[in-house]
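Colleague: I've got a new model open and I'd like to learn how to read it. Could you walk me through it, feature by feature?

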Amino acid sequence: MSKKYEKIIERDFKRAFSRKRFLLNILFMILIFIYHEFFCKLIFEYLTPKDLNNSLVSVLFILLLSIFLVGAGFKILKDKYSTSTNEINLLFLSLFLIYYFNYCCQESKWFLVEIKFLGLSFTYVSLLIFTLITILTFIFQRYLNGLGEIKKINSENNILLDDSPISKQDKDELDYEETVRKLSEILKKDNHKKSFTIGLVGPWGNGKSSVLKMVKKELSKTNKNTKSDIIIFDFLPYLNHKENDIINEFFTALSNELKPYNGKLSNLITEYSSKLTDLYENKNVLGFIENQVSHFDKSAASELYKLINEMLVDINKKIIVFVDDLDRLSKDEILQVLKLIRNTADFRNAFFVVAMDKEYVLKSLKKSKKIFHSSFIDKFFQLEIYLPEIQKSKLRLLFIDEILKSKLNDGSPLFEVLIKDAVNNHDNLFDDYIKNIRDIKRTVNQLIYDYPTTGGEVNLKDFMNFTYFKLKFPNFVKIITQGIGDFIEVNTDGLYKLTEADDKKNTDVDTTDRLFKYISKRQVFNPKKYKIYNEDLFENCLILDSSLDCENKFLLIKTLAYLFGNENKINDVNSIKYESNLNILLEQRVYKNRLLNIEFKELLKSNLDDIFKTVDFYYKENKLTQLMSRFEFFSASKDENEIKNAILTLVYILEKKFIFNINESTILNQIGIFANKFENPEISLKDWSLENIFKNKKFSIETRVNLASKLKNAGLGTNYDFNFWGYRDKKELNTLVLKLYDEYLKYKDNKLNDVNNYSFYHIYHEVKIENEKEIIKRFINFWRNNNLEMLCAQLTDMDTWSTLSFKISEIVIEIFGSREAYIEFVKNHKESDENAIKEFLKLYAFLAISNFKNNFMYTFEKSKLMKEKIEHRKKNGPKRDENENVIQIVLETNSKTFIDALNTSSIIINKYDLRIEKTQITNGELFYIFAYLKKSLGADPVLIYTQDLYQNIIPLLPDWEKGSFVANYIRSGLNLIPQQNNNNYIKVISKEPKDNNYNLDYEIY
């Protein structure tokens, strides 16, 4: 018989007709024969049909049998249904019973009942027997056609890599052949009076399971070829759910293996297991190991143990038990397995081969405080075979090979180059994360699954580093998603940056974590330079999450640094440091507003109108940041048309920089980079730029004059030099700038209507360089004929922290020569009689008192533009006004004795914030007392302040009459202490902020 059919019979028929099932069938048949009369009578009375000669019943019977037969045939032959052993038994027993009761129980007369159908005559029984035999034939036919053969899994078209251990040495990529040979030789030849334990030790994923599998295959060959008496079985303790299940499961498996050789021995082992469970159920596992003799020798289990060993001598079998994945167990389960190996299963000529990550096992036991010394575990193993860490160079080759063999490989010649460049990149954290074959397979599977969703839009090296990070620290991926801002900054360009630590904290003196210092030096990476190092999470190694030890914390910080820190240099637009790219990886999808490569290339082929529309569309779709990044890394060939379109696009972005919120210098620098790509700029770029940019009215005059000025000034370094544009010298450019500025002033004539738009002054500052006198002249002439209120409002500055305090802008000195000259320009302007202008002049007069050294609180009531400017500042400036609880009052006096007395009055000086200014007049001097009163002084701080002056200063003055203090004169600006015989006076000339109680209208200019 061929091996194929041997396998079929072994798998299906021997299983279907096992000894137990076979004996039950025979027993059932014997009962039928013994109680023959009883069963026959039962069938005759209750199961024999009395009258079936009915055509309708016959048709229904035949129809049901046909449906059953056709359905079973399709299921078995077409759908390749594999019948169970119970179904096969049922078919055979049904066939036996029908045949027996039809031909042995004559009283039933089943065979006499006939069916007449379409001229044919059948018995009901014959149809039933035919149906059953046909179904059984279908089942046998399926096996005979090979459909029941055990088929191998076809893994050729698999998308992902499985993590199954290898069994063939020709697939041994780690060269463990010698280890397999030596271990197999020991297990074949050695014999011992007691059990012998071998530890196969190596890091997680280093191929321990594969070595075990290859050893078992070698031993199986020996068993088959030499008829050697070796019993081999696997014990997988991690499949058990309770600690005691480990003991029960092991002895159950051992009992089953010994049953074919000695049934009594098998039963003894089962009984032994039960007694052990009772003995240890309430005992401490570690206590049992240390005091095994006192607990065990006095028990009934001890006698069973001796008897089992004696019977093992009789069967003369070597027992080899393979225990895999000890490092998958909990601390208590690990101790149970060790107890099993050392004590309860210490049988004659038994070998235990245990695969484990010894470092992990020791760490688990120490952490549980079950043991305190590393040598504890050594007493369990007579031999340890070490599988060393795999060389990184070999792992890299295997990693690259697996990717190239995967479904990610599109067959492109560039794919292999792309993969190798990414894996071999110095900043790829491969060496930190990939330790073994299992890591390779796990990571490659993740890449296979994740990479297609990114569409190749994320830098491959960054993509790999993020994949390592995601697999190792999944909880921290969530922290990044929710906690960006705590330790990762996002700048205006949408770039992530790992926040750096304060220099004062970044010193060795402040570092208490010596292990971190050691790892840092060993790894040539300093985690202390980042703020996250000093976060609570990293203060020491004893954190709540015990799975994150110091080395893993170091790796976590290093990974974040190589993703978002200075270690990750941005070399292309696909860097993970771009916000949009990180979001692709976090959400595993390419966003609809992602600027794709094809879109960028289409933009570079568009006409000017389409460029405008496309850029505006990109702004609405939030793609402009991506577009600027594309330009930053765009390396165009010598295709000047693409370069020109790139420049035009950037000029349009420059025009709308405030709307788009893009830094001007970034745009200009990029324009300069593209201009530098022209081979002959004097011929091509100069004429082209004049026609398409500087004279092209599709661009605003502000943009054109600004760009020409920047070009002339060459203020952005070598990337933006006028030489690149084909101009021979700055004079040529200067002529262009002046011409554009004249066009700009003409355009701006009567078009200045936004007081908060300072582009007019930005343009002035750009064009004035090397043309200052000429530009100032044009500037002043422009304002002689334009809205004077706009000029005053824009040249009147507010205090940094207050919208109640003002000064004249410093720029007036540059343009007009001095503030006094500026004020004269305002006074002499044709619009100087307007109420809004008078309001500015009054403010300027108060500022002039202190020679413009101090700001002055003031309330604008007439100037609509100034009120708009103030409201704009309130909305966009500081939330709190530092002068909101202050009243500014200005007193004027002609009395020097009053000022002298005030300067010497500690009561007044200590109580109030005062400033005294002096001005010369024709007849002498005038003095101004500026006081800043807190509103908390009382209901009327001004009254309190002036009364204090009257009570504390006037009595000290010999040249003043001791008249009455007239409070009402505070509000009218009259002398507060009327004099009859002299001209001394002191009066309020300003109170700010204004209110309805004060109607001062004092002019001091």
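Modeller: One term before we start: helices and strands here are DSSP runs, numbered from the N terminus. The peptide bond leading from Glu992 into Pro993 is cis, with omega near -5 degrees. Bear in mind that this is a predicted model.

Colleague: Predicted, okay. How many helices and strands are there in the protein?

Modeller: You'll find 44 helices and 16 strands. Of the 1005 residues, 48% are buried. As for contacts between residues at least 6 apart in sequence, 73% join residues at least 24 apart.

Colleague: And confidence? Which elements have the lowest and the highest mean pLDDT?

Modeller: pLDDT is the predictor's confidence in each residue, from 0 to 100. The average for this protein is 80, and 78% of the residues score at least 70. Helix α12 (residues 292–296) has the lowest mean among the elements, at 41, while strand β11 (residues 805–808) has the highest, at 97. Watch two stretches as well: pLDDT stays under 50 over residues 539–546, where the model has nine contacts beyond four places in sequence. It also stays under 50 over residues 715–720, with 16 such contacts.

Colleague: Let's do helix packing. At what angle do α17 and α20 pack?

Modeller: Helix α17 (residues 413–423) and helix α20 (residues 460–472) pack at about 55 degrees, their axes 8 Å apart. That angle makes α17 oblique to α20. The crossing is right-handed. On the α17 side, Leu418, Ile419, Ala422 and Val423 make the contact; on the α20 side, Leu460, Lys461 and Met464 do. Sorted by class, that's six nonpolar residues, no polar ones and one charged.

Colleague: What about arginines: is Arg778 buried or exposed?

Modeller: Arg778, in helix α35, is buried, with a relative accessible area of 19%. Beyond its neighbours within four places in sequence, Arg778 is in contact with Leu738, Tyr741, Asp742 and Leu745. Arg442, in helix α19 (residues 437–454), is partly exposed at 43%. The C-alpha atom of Arg442 is 8.7 Å from that of Leu471, 29 residues apart along the chain.

Colleague: Last one, backbone angles. Where does Asn349 lie, and what is its phi?

Modeller: Asn349 lies in the loop between α14 (331–344) and β6 (350–356). Its phi is positive, about 55 degrees, although Asn349 is not a glycine. This residue is buried, with 6% relative accessible area.

Colleague: And Asn622: where is it found?

Modeller: Asn622 is found in the loop between α26 (608–620) and α27 (624–633). Again it's a non-glycine with a positive phi, about 60 degrees. Asn622 counts as exposed, at 57% relative accessibility.

Notes: Residues numbered from 1 in each chain as written. Predicted model: local features only at pLDDT ≥ 70, side-chain atom pairs only at ≥ 80, totals over all residues. Heavy atoms only, no water. Axes fitted to C-alpha atoms, helices over the stretch in contact; angles between N-to-C directions. Helix = DSSP H or I, 4+ residues; strand = E, 2+ residues; numbered from the N terminus. Parallel < 35°, antiparallel > 145°, perpendicular 65-115°, else oblique. Left-handed = near helix turned anticlockwise from the far one by under 90°. Contact = heavy atoms within 4.5 Å. Nonpolar A, V, L, I, M, F, W, Y, C, P; charged D, E, K, R; others polar. Buried < 20%, exposed > 50% of the residue type's maximum accessible area, 1.4 Å probe, protein only.
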